[in-house]
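Please look over this model with me before reading any one region closely.

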Amino acid sequence: MQMVNTTTQDGSEKHALDNGVANSNDGDQFLTFIMAGEEYGVDILCVQEIRGWESATPIPNAPPNIKGVINLRGTIVPIVDLRQCFGLEAIEYTPVTVVIVLKVVGGSGSRIMGIVVDAVSDVYNLAMDDMKAAPDLGDSVSTDYIRGLVNVDDKMVILLEIDKLLNMDELPDLAEVSAKLAATQ
Amino acid sequence: MSVDLSQFHQVFFEESFEGLDAMESALMELDPAAVDTETINTIFRAAHSIKGGSATFGFSIVAEFTHVLETLLDEIRSGTRSIRQEDIDLFLQSVDCLRDLLHALQQGQEPDKAGPNQLQAEFEEILASDPAATQTGEPPVTDAEALMEAATAQPDAPQTDGPWRIIFRPGRDVLRTGNEPLRMLRELAELGRISVTPLLDRLPSFSGLEPEGCFLGFEIIFRDRIDRDSIVEVFEWVADESELDIRLACEQSSSAAEESSSSAGAGWKINFRPGEDILRTGNEPLRIFRELADLGTLQVEADVTRMPDWSTINPESSYLGWRLQLPADVEREAIDEAFEWVVDDSDLVIEQNAGATDVADREDADVSEAPSADSSAVIVAQAAEAAAVVATPSVEPQEETAAQTPSAAATIPAARAAETTPAAAGPAKTESTSIRVGIDKVDTLINMVGELVITQSMLGQLGNEFEIDDLPKLLEGLSQLEQNTRELQESVMRIRMLPISFTFSRFPRMVRDLSRRLNKKIELKMLGEQTELDKTVMEKIGDPLVHLVRNAIDHGIETPEERLQSGKTESGTITLNAYHQGGNVVIEITDDGKGLNRERILQKAIDNGMLSSKDASQLSNEQVHDLIFQPGFSTAQEVSDVSGRGVGMDVVRRNIQELNGSVEINSTEGTGSRITIRLPLTLAILDGQLVRVGKETYIFPLVSIVESLQSEQKMINQVAGGCDVFQLRDEYVPIIRLFDIFCVEPEFHDLDESLLVVVECDGEKVGIVVDELLAQQQVVIKSLEQNYQRVEGISGATILGDGTVALILDIPGLVKLAGINHQLRSRVSSLASSHQELNQYA
C-alpha cells in the first residue's frame with residue numbers, strides 16, 4: 001500500500017510505524033473540533049479533558065491569544081485562544097464555548113495548556129494511509145504544525161501536530177498560514 | 001562503585017558530615033590546658049567511623065588521611081602525647097580538608113589531593129617529633145608515606161620486600177569489638193596482590209560455634225613487594241588481641257592447608273546448594289547442619305564457586321553451597337527430614353559415598369571453575385567473609401587447583417550460576433537531598449491524618465442520609481475539616497523546618513579563626529538556636545549570615561587596645577539571636593563594636609559619586625546606614641581577605657530579598673550595630689496583601705510593603721516628563737501606575753481616588769497605584785512557569801478562596817518593568833529638597 005508522507009520528517013517516521021503495525025486498532029483516534037466552520041483534529045492521547053469556558057485571570061502584557069490562566073484543580077494552566085492563533089476573527093465567549101485541556105510535550109518537558117475552540121465535534125478513528133500531506137505553502141510559511149489532511153464523509157479534517165503548535169517558546173503567528181491554507185482550498 | 005554499596009553512599013556522606021560537625025564542635029571545646037577525655041573520645045569516635053566508612057566504600061584517600069589523624073588522636077587519647085593549641089588548629093584544618101574531600105567525592109569528582117597530602121605531612125611531622133609515641137607496636141611515621149606510595153602503585157619504593165607470608169589469627173572477640181578481619185584483607189588487597197587461605201584448625205565443633213565469635217585464621221600470601229611496616233599497619237588495631245606472624249615467604253616452607261585432605265570415610269555424601277533466597281525465607285543452613293550434626297559426626301565443606309564478584313555481593317543472599325558427609329549409619333529419612341523445608345528451593349543430591357577420593361576430585365573441580373589464579377584469591381577471601389558471617393563452613397579451596405575438568409556441572413545447573421550475579425544497576429546518583437525529621441513530628445502528622453479520616457467518615461455518613469435538619473451538623477463537620485486541614489498543613493510545613501542551630505553552628509569556628517587572625521578578642525553568644533526555619537530558607541540564608549558576621553568581626557569589633565581606650569571591656573561580643581515574630585523569623589546580629597561611622601560612609605559615598613556633598617549633610621541616619629547596602633560600597637580602609645571588597649552588603653540584601661525577606665541596620669556610633677533580618681517561615685507560603693486594580697486582583701508580598709495611603713494629585717510631580725514622584729512627608733517617592741504597566745483598565749484614573757502602596761525595593765521606596773486594598777491573607781505560591789513561562793513583574797500565582805487565580809507581584813521586576821532608571825531613583829529618593837534641585841538631576 002502506498003504510504004503518504006507529510007512534509008515533516010519526524011512525522012513520516014511515526015506514520016511508517018503506524019503503517020507497519022496491522023493490529024486490531026485501525027488507525028489513531030482523533031478528537032475533532034470546529035473553528036470557523038473548519039474541522040480540526042488533535043491526537044486524542046494528548047487530550048486531558050474538555051471543559052466549559054470559565055473566565056481566566058489575564059496575564060499582564062501577554063500576547064492577545066493568551067487568554068490568561070485558570071485553576072485546574074490546583075494547577076495553574078494557561079489558556080490559548082486558537083482562533084486568535086490562527087488569525088481568525090475573535091468571537092464572544094459563551095457558556096457553550098469549549099476549552100480543550102491538552103498535554104503538550106515541549107522542549108522543557110510536558111506542560112498542560114488549554115485551547116479555546118468553537119465547539120467539540122467528534123472522535124474519529126483515522127487510518128494514517130488516508131492522510132494527505134498538507135499542501136506546500138511556500139518557503140515563507142511553515143506547516144510543521146499540520147500533520148496532514150484527511151477526508152471524513154466528504155469533509156476535510158485538518159490534523160494538527162499539537163506539540164509543535166503550542167510550543168510556548170515560539171508560539172507562531174499563524175494568521176498568514178491559515179490565510180494561505182484557505183486560499184488553496 | 002558497586003551497586004549494593006552505592007545505595008549507602010548518601011547515608012555515609014550524611015553521617016560523615018555529621019561526624020565532622022561533631023568533631024569540629026568538640027575541637028572547639030577542647031582546651032589544651034585541661035583536656036577532657038570524653039571530648040577527645042568524641043573526636044576520636046567521629047574520626048574512626050569516617051575512616052571505617054570510607055575504607056568500606058573504597059574512598060581510600062579519605063581513609064588514609066583519617067588514619068593519620070586517628071593515629072595522633074589515639075596518642076593523645078592514651079595520654080602519650082599532650083595536645084597543643086597548634087594541634088587543635090591542625091585538626092580543625094583537617095576537618096575542613098575532610099569536608100572538602102567528602103564534598104568532592106559526593107559530587108563524583110576526583111578530590112584534590114594537595115590539601116590532604118600537605119596536612120598529612122604536617123601530622124607526620126608531629127608524630128615523628130616524639131618517638132615515644134610508637135609504643136604499642138604502632139607503625140613509624142614513614143608508614144603513611146609508604147602506604148601512599150603503595151596505593152599509588154609504586155611498590156618499588158626503598159625498603160620493600162616480598163613476597164610475604166602472613167599468618168593472621170584474630171582474637172575470638174575481634175568481630176565484637178567492631179574490627180572486621182575482612183576489612184583488613186581488603187586493605188591488604190589494596191596494597192598489592194594477595195591470596196588468602198583460611199585456617200580452620202581452631203574451628204570448634206558445631207555446637208560450640210558462636211555466631212559472633214571469630215574462629216578463623218588466615219594465611220595470606222602477599223605477592224608484591226612492600227615494606228613490612230605497611231603490613232603491620234593494616235593490622236594495627238587488632239595486633240594486641242591477635243596472633244600475627246609476618247615473614248618473607250621464602251623463609252617459610254609452604255605448608256599451606258594441609259588440613260584440607262580430611263579423612264572422609266564411607267557414608268552419606270550430600271551436596272547441598274541452597275537457593276539464593278534461603279536466608280530471606282528464614283531458613284538458616286546452619287540450623288540444618290546442627291540437626292545433621294545431632295545425627296552423627298558431620299563434615300562440612302563449603303563450595304564457593306557461585307560467589308559473585310566482590311562488588312555485586314548481596315549480604316542477604318546465600319551464594320554458598322556445601323558438601324556434607326555423614327556416617328553410613330544415619331537413616332536416609334532423617335537426612336531428608338533435615339532438608340525438608342528447603343528442598344524445593346535448593347539443589348540437593350544425597351548419595352551413598354564409597355570413599356574420600358571422589359570428594360576431593362569434585363572439590364578440586366569446583367574450585368577450578370574460577371577463571372584465573374587472581375580471581376580465585378578473591379573468591380577465597382569471599383569465602384572467608386561468608387565464613388565469618390555464617391560461621392559454619394569449612395573452607396578449603398586452594399588456588400593451585402587450576403586446570404582440572406569441571407565435573408560438578410551435573411549437580412549444578414548452569415542457569416543458576418547466572419542468577420547468582422545480580423544485574424548491575426545504573427550509576428549512582430551523586431546528590432539526593434534528604435531531610436532528617438524528628439519522630440515526634442511524624443507522630444503528630446499521623447495523628448492529624450487520623451483525625452482527618454475520622455472527620456471524613458463523619459461527613460461521609462452525613463452525606464449518605466442527609467436531611468435538612470442535619471445542616472448544623474454538616475457545618476460543624478466542615479469547620480472541623482477546615483481545622484484538620486489547617487493543622488495538617490502546619491505539621492507538614494513543620495517537617496521542612498529545622499532548628500536554626502544548623503546554620504549557627506558554623507559560627508563559633510569562624511569567629512574563633514577570624515578573631516585570631518585579626519588579633520581581636522571576641523566572644524560569640526548565640527540565642528534562640530532552636531528557632532525553626534524552612535530548610536530551603538535556611539540553606540539560602542547561610543552565606544548572607546556569614547557575610548554579616550564577618551563584617552561584624554572585621555569592621556565592627558575594635559582591637560583590644562582600641563576597646564580599652566574607649567572604656568570598653570577588652571573582649572568584644574557578637575550576639576546572634578533568632579526568634580519568631582508573627583509569621584516571620586527574625587535573626588539579629590548585634591555587636592558592641594564601634595558602630596557605623598556616618599562621616600566615613602558619607603565621604604565614601606561622595607567619593608564614589610553616589611551623593612553630592614550637599615545632599616550628604618541632609619541625609620537621616622537611617623538613610624546613611626542604608627547606603628552600605630548599595631553595590632560597590634565598602635568603608636574598609638584596605639581590602640583584607642576577610643571583607644572589604646565591596647561586594648558584600650548589596651549581595652546580602654539581594655539574597656535576603658530573594659527569600660522575600662528584609663534586612664535593616666541600626667547603629668549607634670561608638671556602641672555598636674544591630675542588623676535585623678526578617679525572613680518568611682517558608683517559601684511555599686507567603687503573607688500577601690490583596691489589592692484590586694480594575695477587575696483584577698493582585699497580591700503584594702506583605703514584607704515589601706512599607707505603608708499604604710491615600711494618594712493626592714497635588715502631591716505628585718512629574719520629573720522631566722518621565723517619572724512621577726510623590727511627596728511622602730520629607731521624601732520623594734517615584735510612583736508606578738500598575739494599570740499602566742499591566743495594561744488593565746482601572747476603576748480610577750484619577751490619583752485622588754486611588755490608593756498608593758509604598759513598597760521597598762533595593763532599599764528604595766516606590767509607590768504603586770492601585771484601586772483598592774482587599775484582605776491580607778496567607779497564599780500558597782504556585783508556579784506560572786510550570787505550564788506557561790516567566791512573566792515580567794509577576795513572581796507566581798496563587799489560588800484564592802473562590803477558586804480563581806490571582807497573580808503575585810514581583811516588586812523588583814515591576815520596578816524594572818516600569819523602566820525607572822535606578823540612578824535617577826536613588827537620587828530622587830535621597831533628596832529632600834526643593835523642585836529646582838530635583839530638576840537639576842533630571
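The points that follow take confidence first, then each chain in turn.

1. **Overall scores.** This is a predicted model. Its ipTM is 0.73. Its pTM is 0.43.

2. **Confidence in chain B.** The mean pLDDT of chain B is 73. Of its residues, 77% reach 70 or more. Please keep both values in view when browsing this chain.

3. **Where should chain B be read with care?** One stretch is residues 131-158 of chain B, where pLDDT stays under 50. The model still has 52 contacts beyond four places in sequence for residues 131-158. Where pLDDT is low, predicted coordinates should not be read in detail.

4. **Elements of chain A.** Chain A has 4 helices and 10 strands. In what order do the elements of chain A run? From the N terminus, the order is α-β-β-β-β-β-α-β-β-β-β-β-α-α.

5. **Burial and contacts in chain A.** Chain A has 185 residues, and 37% of them are buried. Now take its contacts between residues at least 6 apart in sequence. Of these, 59% join residues at least 24 apart.

6. **Elements and burial in chain B.** Chain B comes to 28 helices and 26 strands. It has 842 residues, of which 36% count as buried.

7. **Contacts in chain B.** What share of the contacts between residues at least 6 apart in chain B joins residues at least 24 apart? The figure is 74%.

Definitions and conventions:
Residues are numbered from 1 along each chain as its sequence is written. Chains are lettered from A and ligands numbered from 1 in the order in which they are written. This is a predicted model: local features need pLDDT of at least 70, side-chain atom pairs count only at pLDDT 80 or more; totals for chains, interfaces and linings use all residues. Helices (H or I, at least four residues) and strands (E, at least two) are DSSP runs, numbered from the N terminus. A residue is buried if 20 or more other C-beta atoms lie within 10 Å of its own, exposed if 12 or fewer, and partly exposed in between; C-beta atoms are placed from the backbone. Two residues are in contact if their C-beta atoms, placed from the backbone, lie within 7 Å. pLDDT is the predictor's confidence in each residue, from 0 to 100.
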